Amino acid sequence: MKTNSIIEAKKGFFEIALKVNGERRELSVRNGEFLLDALRRHGWKGVKKGCDTGDCGSCTVILNGKPVLGCLVPAVAAHGGELTTIEGLGSVRSPHPLQEAFVEAGAVQCGFCIPGMILSSKHLLDNNPSPTEAEIRKALDGNLCRCTGYVQQVEAVKNAAKKMKRTSN
Amino acid sequence: MPDIIVKPPNLKELWKLLPGLPSARRYLAGGTDIVTADNAGAEHSECWIDISGIPELLGIKETAGSVFIGSGVKIAEIAASKAARRWCPALTAAIPHFASPSLRNMATLGGNAANASPCADGVCALISEGAYVLLATKGGRRRLPLKDIFLGPKRTTLKKDELITGFEVPKRPHAGAYLKLGPRSYFGISKAAVAVAAELSGGAVKKARVALGSVAPVPLYAAKTSAWLAGRKLSAPVIEEACELVKTEVSPITDTRSEAAYRREMCGVLLGRALNSLR
């Protein structure tokens with residue numbers, strides 16, 4: 001794919017190159033496919049498909065340092081980009097402090113909104129290590145949760161901020 | 001999604017590409033409106049022209065007399081710009097009300113205008129700032145008051161292939177406010193919204209511009225109310241009268257989001273709060 005000329009699908013597929021969770025990857029993506037669907041098809045199932053209309057935030061991924069919604073980004077537009085999904089944050093054996101804090105606070109019920117919520121929170125804490133409750137709520141206002149009522153999640157982000165500060169000191 | 005997506009690296013290449021493209025084509029910037037419309041089957045293009053790589057559309061630049069905001073500037077970037085915060089107070093105040101944080105990382109100010117929705121937060125705020133829109137076609141450029149390009153929902157006076165390159169906000173020391181009434185505090189589409197920018201001198205208004213969202217077929221510049229405020233002191237009775245006047249300028253409808261009578265009433269309430277915040 002050349003970015004400065006007409007991009008046309010070959011037999012319905014485009015080849016895109018990008019970094020996913022720090023690893024260089026080449027992905028073939030379908031013509032008309034969005035980043036969300038392409039990522040899930042290639043095995044990143046942590047990216048959740050909720051509303052598919054840019055409203056719920058479940059498909060939040062960090063593209064070139066900013067949280068964006070995978071359901072609204074044509075997969076080809078991620079060509080050359082750097083992407084972080086929930087799989088890039090931590091593992092079951094060594095979870096990210098945010099992941100730990102979410103579990104400890106009981107912030108996860110059905111879990112569907114959590115990957116997006118944790119990625120939005122990560123972006124917040126990367127840029128603002130000691131957010132106020134109002135700042136946390138603002139940062140998460142594009143991530144809808146139908147189980148918890150948000151109280152535990154806000155708590156979890158506060159606790160994670162404290163944890164991350166302790167480890168960085 | 002269309003079969004063809006092109007991504008010209010600059011304006012010159014864009015004009016060269018155009019004649020070879022299918023005629024059902026649209027510019028794609030942040031994609032937050034066009035993609036959802038396409039997914040819903042509300043519009044179908046054969047070709048999207050991805051303008052996100054065109055450097056002429058990027059950046060916020062301060063010149064002697066104005067602030068230029070590129071049409072490709074993401075909404076989140078505006079909040080981070082010193083020049084915008086200093087010279088575009090109503091626009092800056094509108095940012096937290098604009099969709100959600102992730103959408104603000106994607107959506108552009110140019111797209112907000114090109115989409116021509118009467119509820120566009122960015123557009124309403126820019127109109128109150130007295131902004132001009134900069135347009136380009138192959139071999140031609142225009143500069144128009146932003147308030148004049150809207151014809152109705154999703155309709156503008158832009159010609160085929162005419163591209164919004166940016167916005168120009170004249171540098172005037174003024175105060176601004178943006179208030180939005182939606183179904184919840186954040187991440188909602190407005191029932192009514194009011195943007196006010198005012199040049200003040202000793203408690204009196206030298207010049208004011210009032211713009212309203214979601215209460216007319218277009219993002220509305222309230223010409224009568226704006227003119228009436230000029231030269232008046234922002235006292236309680238003056239604010240009360242302005243609130244009554246603005247209700248005569250709007251033409252809201254009843255739809256899924258709200259009711260006409262309520263919307264009209266709220267225009268007065270929001271304008272009152274906005275003017276009071278500037279006192």
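**Close-up views of a predicted model**

**View 1. Helices α2 and α3 of chain A cross at roughly 125 degrees.** In this predicted model, the axes of α2 (residues 97-104) and α3 (residues 114-127) of chain A come within 10 Å. Angles of 65 to 115 degrees would count as roughly perpendicular and those over 145 as roughly antiparallel, so α2(A) and α3(A) end up oblique to each other. Their crossing is right-handed.

**View 2. Here are the residues where α2(A) and α3(A) meet.** On the α2(A) side we have A:Leu98, A:Gln99 and A:Phe102, and they meet A:Ile114, A:Ile118, A:Ser121 and A:Lys122 of α3(A). Sorted by class, this helix contact has 4 nonpolar, 2 polar and 1 charged residues.

**View 3. Domain 1 and domain 2 of chain A touch each other.** Domain 1 covers residues 13-84 and domain 2 covers 97-168. Taken over C-alpha atoms, their centres are 22 Å apart. Domain 1 puts 13 residues into the contact, and domain 2 puts in 10. On the domain 1 side, strand β4 (residues 60-63) of chain A gives the largest share, with 3 residues. That side of domain 1 splits into 6 nonpolar, 6 polar and 1 charged residues.

**View 4. Chain B meets chain A.** The contact brings together 25 residues of chain B and 27 residues of chain A. By class, the chain B side comes out as 13 nonpolar, 8 polar and 4 charged residues.

Note on methods
Residues are numbered from 1 along each chain as its sequence is written. Chains are lettered from A and ligands numbered from 1 in the order in which they are written. This is a predicted model: local features need pLDDT of at least 70, side-chain atom pairs count only at pLDDT 80 or more; totals for chains, interfaces and linings use all residues. Axes are lines fitted to C-alpha atoms, for helices over the stretch in contact, and angles run from 0 to 180 degrees between N-to-C directions. Helices (H or I, at least four residues) and strands (E, at least two) are DSSP runs, numbered from the N terminus. Angles under 35 degrees count as roughly parallel, over 145 as roughly antiparallel, 65 to 115 as roughly perpendicular and the rest as oblique. A crossing is left-handed if the near helix is turned anticlockwise from the far one by less than a right angle, and right-handed if clockwise. Two residues are in contact if their C-beta atoms, placed from the backbone, lie within 7 Å. Ala, Val, Leu, Ile, Met, Phe, Trp, Tyr, Cys and Pro count as nonpolar, Asp, Glu, Lys and Arg as charged, and the others, Gly among them, as polar. Domain bounds come from an automatic or database domain assignment.
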